[in-house]
Amino acid sequence: MQDKEQLQGALGEVNRQIVHLMERKMELLHTSTAFGTDDEISLPGRLYAAYMKSVEDRREPVENPTVVYQGEPGAYSELAAIDFFGKDVKAVGLYQFEDTFEALYKGEADYAILPIENSSTGAIRQVYDLLAQYNYYFVGETTVEVTHALMGLPGSTLDGIEKVYSHEQGLFQCEAYLNAHSDWKKIPQADTAGSAKMVAEQQDIKKAAICSPHAGEIYGLVPLALGINSNSRNTTRFVVVSPKMELRSGRDKICVSLTTTHESGSLHDILTVFAVHGINLVRLESRPIPEHNWEYMFFIEFNGDLIAPELDQVIHELSLMTGDLRVLGNFKSNL
């Protein structure tokens with residue numbers, strides 16, 4: 001017991017030394033902005049100024065908004081829109097994820113609601129890549145329990161099925177079930193509800209769709225098998241995306257994107273900023289940077305309120321340590 005206590009004491013002392021060294025490094029980084037070329041001085045300043053401007057230019061939540069999502073009526077994304085905005089929301093389905101961003105850009109919608117993470121298959125990579133391209137913001141999140149069913153035309157049977165259609169995520173999330181039917185051809189589509197619609201329109205009893213029972217019923221399909229997702233607690237997290245920052249009541253989570261320098265320990269130093277300030281990290285995701293082989297953009301979510309004085313210091317310190325920094329939003333956690 002004594003040896004364990006001594007070890008814990010030694011580890012605690014090491015941690016205190018790390019914190020002290022990190023604080024000293026931040027002091028030196030602040031001092032270093034007084035030296036070097038104009039470009040070296042201006043980069044952290046530009047990053048921090050851009051963040052401050054986004055806060056100053058924030059808007060109030062839009063009343064009776066138009067909300068776009070990817071998919072056909074009955075898609076899980078439509079259910080997410082209803083869950084966040086209410087059953088009377090004006091929700092419009094579009095064909096691709098990028099179409100929802102374009103709708104925001106053209107002023108055709110107030111918000112987009114997009115899947116960003118699934119409890120079974122992880123990050124939705126296409127959405128993260130689009131978030132890196134567009135200067136938009138997270139203003140909320142919600143979760144939807146995803147229960148997949150195999151839906152077919154009236155009169156179809158499991159023995160007669162030859163082709164199964166769904167969004168690639170739907171196929172991944174039902175992989176164990178599909179592996180038990182190795183003779184079926186699995187064909188990815190734009191979304192789960194769209195797959196149901198296509199099967200209904202083609203009127204071929206050899207085809208089936210993986211979607212929600214609700215979506216299947218909308219298009220006149222019947223269940224051939226229920227609850228076929230591999231994870232019985234299969235849940236998808238959706239984010240509400242806005243062209244302007246909003247600071248809604250109850251906000252307690254912040255998301256930033258950043259890049260690191262090609263130096264040993266650069267990511268460790270950034271993460272240590274959060275440790276020094278006692279901030280809890282919620283999620284860390286990386287995505288490759290196009291046209292820059294083996295370079296990555298990091299998306300970091302952590303607890304906090306941007307209006308709190310200590311958070312201003314955190315954002316400032318991050319701007320000093322990264323090649324790029326964007327504050328993507330401050331919103332209420334729904335996890």
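Me: What makes two residues count as being in contact?
Reply: Contact means that heavy atoms lie within 4.5 Å. By this rule, and leaving aside neighbours within four places in sequence, Ser-212 is in contact with Gly-74, Tyr-76, Thr-147 and Met-151. The model is predicted: local features need pLDDT of at least 70, side-chain atom pairs count only at pLDDT 80 or more, and totals for chains, interfaces and linings use all residues. Residues are numbered from 1 along each chain as its sequence is written, and side-chain values use heavy atoms, with hydrogens and water left out.

Me: Why is Ser-212 called buried?
Reply: Buried means under 20% relative accessible area, exposed over 50%, and partly exposed in between (1.4 Å probe, protein chains only). The relative accessible area of Ser-212 is 5%, and therefore Ser-212 is buried. Of the 335 residues of the protein, 45% count as buried.

Me: Why is Gln-203 called exposed?
Reply: Gln-203 has a relative accessible area of 56%, so this residue is exposed. Gln-203 is found in the loop between helix H8 (192-202) and strand E9 (207-211).

Me: What makes a stretch of the chain a helix or a strand?
Reply: Helices (H or I, at least four residues) and strands (E, at least two) are DSSP runs, numbered from the N terminus. The protein has 11 helices and 15 strands.

Me: How do you know that the buried residues of H4 line one face of the helix?
Reply: In helix H4 (residues 97-105), the buried residues are Phe-97, Thr-100, Phe-101, Ala-103 and Leu-104. Seen down the axis of H4, they fall within an arc of 155°, so they line one face of the helix. The arc is that of the directions from the helix axis to the C-beta atoms. In general, an α-helix has 3.6 residues a turn, so residues three or four places apart point the same way. The buried residues of H4 pack against several elements, among them strand E1 (66-70), strand E3 (111-118) and helix H5 (125-133).

Me: What makes the buried residues of H5 line one face?
Reply: Val-127, Tyr-128, Leu-130 and Leu-131 are the buried residues of H5. Seen down the axis of H5, these residues fall within an arc of 165°, so they line one face of the helix.

Me: What makes a space a cavity or a pocket?
Reply: On a 1 Å grid over the protein atoms alone, a cavity is a set of points where a 1.4 Å probe fits but cannot get out, whereas a pocket is an open set with protein on both sides within 12 Å along at least five of seven lines. Lining residues have an atom within 4 Å of a point. Grid points are joined across faces, edges and corners, and a volume is the space filled by probe spheres set on the points. There is one cavity of 30 Å³ or more; the largest cavity has a volume of about 250 Å³. The second largest pocket has a volume of about 210 Å³, and H5 gives the most to its lining, with three residues.

Me: How do you know which residues of the pocket lining are nonpolar, polar or charged?
Reply: Ala, Val, Leu, Ile, Met, Phe, Trp, Tyr, Cys and Pro count as nonpolar, Asp, Glu, Lys and Arg as charged, and the others, Gly among them, as polar. The lining of the second largest pocket includes Leu-130, Gln-133 and Glu-98. By class, this lining has four nonpolar, six polar and one charged residues.
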